[in-house]
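Thanks for coming, everyone. I'll walk through one model today, from single residues out to the whole chain. Please have the viewer open.

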Amino acid sequence: MTPRPIIIAAGGTGGHFFPAEALASELVHRGHEVALMTDRRAGIREKGIFAGRQQFVLPGAGIAGRGVMRAARAALALAHGTWRARAILRGLHPAAVVGFGGYPSVPPLLGAHLMGKGRPLVFIHEGNAVMGRANAFLSRWASAIATSFPTVAGLPPGIPVTETGMPVRPDIAAVHDVPYQPSSGVIRLLVWGGSLGARIFSDVVPAALESLPPPLRARIEVTQQARAEDVERVRAAYATAGIPARVAPFLDNVPDLLRDAHLVIGRAGGSSVAEVTVAGRPAILVPLPIAASDEQSANARALVAAGAAWMITQADLTPGRLSAMLVELLGDRDALARAAARARTIGRPDAAARLADMIEGCLHPMASAA
């Protein structure tokens, strides 16, 4: 009998897609066949684990925060995507569908539930410390839920929950074994903001670094992600301050950057904090204030409580506030080293394997028990 495939449902943003790729790689390594259901932002993936495998781009759109007419159109698109997903799933006859949150998970997982007899098992991975809206809606039909954090607000009662951690790419997981080395010379800062909300870092970070005491400023090197329209002005600001800087809209060597970073400044999305903690690097976190359930603030507070990071709200992120914090932190090598050690302790480099174990344990409960 041909093994039944496992469907991975994930949207086009890196925060959802990178963990999906990591799980897919682990499942393929274990001999499973995988297929991808995604949205138009991702399109057909021509590189990575899904290249050459079955991929399905489904219609759909998020409903939260829209006007009445736009919300109605989005709901119709999700309904269309759900029925299309249901028809595709009937043909594939999968063993399971695994969703990573966000609206692109809704059509595949809801479509799986609506198959009726012979439907696949449904699994949800929640990457934040607060249950996302899509996952909260879908959780009533889940066979099991995996989480990135030990405590997650909004989990439904009666559904088995396993803390697996957030799957990260293997090359980032490998940084877990590279010890953190506090610097007595050059201090390397990594500033990233994701696809949304990076402008605040372009506005604030160069000015904050320019105002550092000259002996400290002379030791700084920066790698910063910025929106394409902001790249030139950020480069110019660093050149004026005499600070060596690489500024780009996309950072394609994140494992190397994390390995070499002495401090990370960035958002607190689930994928970002997972990469920072797996790498074992200290961070200043600025939660994205428009996140639907304020999950980034919850993520940041969890790391702060663990002693792995510091948090500044975006409302408080000014050049003066950030400069003062950097003077304090960069002058205390022991504080940075302690935060790095705590981050490394809570990081889960084996999260993809733990998530695969959970899925296989539900698919083959007798074999798992044995």
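First, a term: buried means under 20% relative accessible area, exposed means over 50%, and partly exposed is in between, with a 1.4 Å probe and protein chains only. By that rule A248, at 13% relative accessibility, counts as buried. Now the ground rules. This is a predicted model, where local features need pLDDT of at least 70, side-chain atom pairs count only at pLDDT 80 or more, and totals for chains, interfaces and linings use all residues. Residues are numbered from 1 along each chain as its sequence is written, and side-chain values use heavy atoms, with hydrogens and water left out.

Stay on A248. It lies in strand β10, residues 245-248. Helices here are DSSP runs of H or I with at least four residues, strands are runs of E with at least two, and both are numbered from the N terminus. What does A248 touch, not counting residues up to four places away in sequence? It touches Q224, Q225, A226 and V231. Contact means heavy atoms within 4.5 Å. Now look across to M115. The C-alpha atoms of A248 and M115 are separated by 45 Å, and the two residues are 133 apart along the chain.

Next, the cores. A nonpolar core is a set of buried Ala, Val, Leu, Ile, Met, Phe, Trp, Tyr and Cys residues joined through side-chain atoms within 4.5 Å. In soluble globular proteins, nonpolar side chains tend to be buried together. The largest core in this model has 34 residues. Which of them touch the most other members? They are L209, I220, I284, L322, L326 and L330. Two or more residues each come from β8 (187-192), α6 (199-210), β9 (220-225), α8 (231-241), β11 (263-266), α12 (319-330) and α13 (333-346). Helix α6 gives the largest share, six residues.

Zoom in on L322. Leave aside its neighbours within four places in sequence. L322 is then in contact with V204, V205, A208, I284, I312 and L317. There is also a second, separate core of 32 residues, and M166, L257, V264 and A308 are among its members.

On to the aromatics. Rings of Phe, Tyr and Trp (its six-membered ring) pair if their centres lie within 6.5 Å; planes under 30 degrees apart count as stacked, over 60 as edge-to-face and the rest as tilted. How many aromatic pairs does that give? Two. Take F17 and F50. Their ring centres are 5.8 Å apart and their planes are at 65°, so this pair is edge-to-face. F17 lies in helix α1 (residues 14-29) and F50 in the loop between β2 (34-38) and β3 (55-57), so the pair ties together parts 33 residues apart in sequence. Both F17 and F50 are buried.

The other pair is F137 and W141. Here the centres are 5.3 Å apart and the planes are at 90°, so F137 and W141 are edge-to-face too. Buried or partly exposed? F137 is partly exposed, at 31% relative accessibility. W141 is partly exposed as well, at 24%.

Two arginines sit over rings. The rule is NZ of Lys or CZ of Arg within 6 Å of the ring centre and within 35 degrees of the ring normal. R45 lies over the face of F17, 3.9 Å from the ring centre. R169 lies over the face of F18, also at 3.9 Å from the ring centre.

Now two covered helices. In α10 (residues 270-279), nine of ten residues are buried. Those buried include E275 and T277. After α10 comes G280, with a positive phi near 70°. In α3 (residues 106-113), seven of eight residues are buried. Among them are P107, P108 and G111.

Most residues other than glycine have a negative phi, and most peptide bonds are trans. H93 is not a glycine, yet its phi is positive, about 50°. H93 is found in the loop between α2 (68-92) and β4 (96-99). It is partly exposed, with a relative accessible area of 40%.

Finally, the whole chain. There are 15 helices and 13 strands. Buried residues make up 52% of the 370 residues. Of the contacts with a separation of 6 or more, 66% are between residues 24 or more positions apart. Along the principal axes, the C-alpha atoms fill a box of roughly 70 × 55 × 40 Å.
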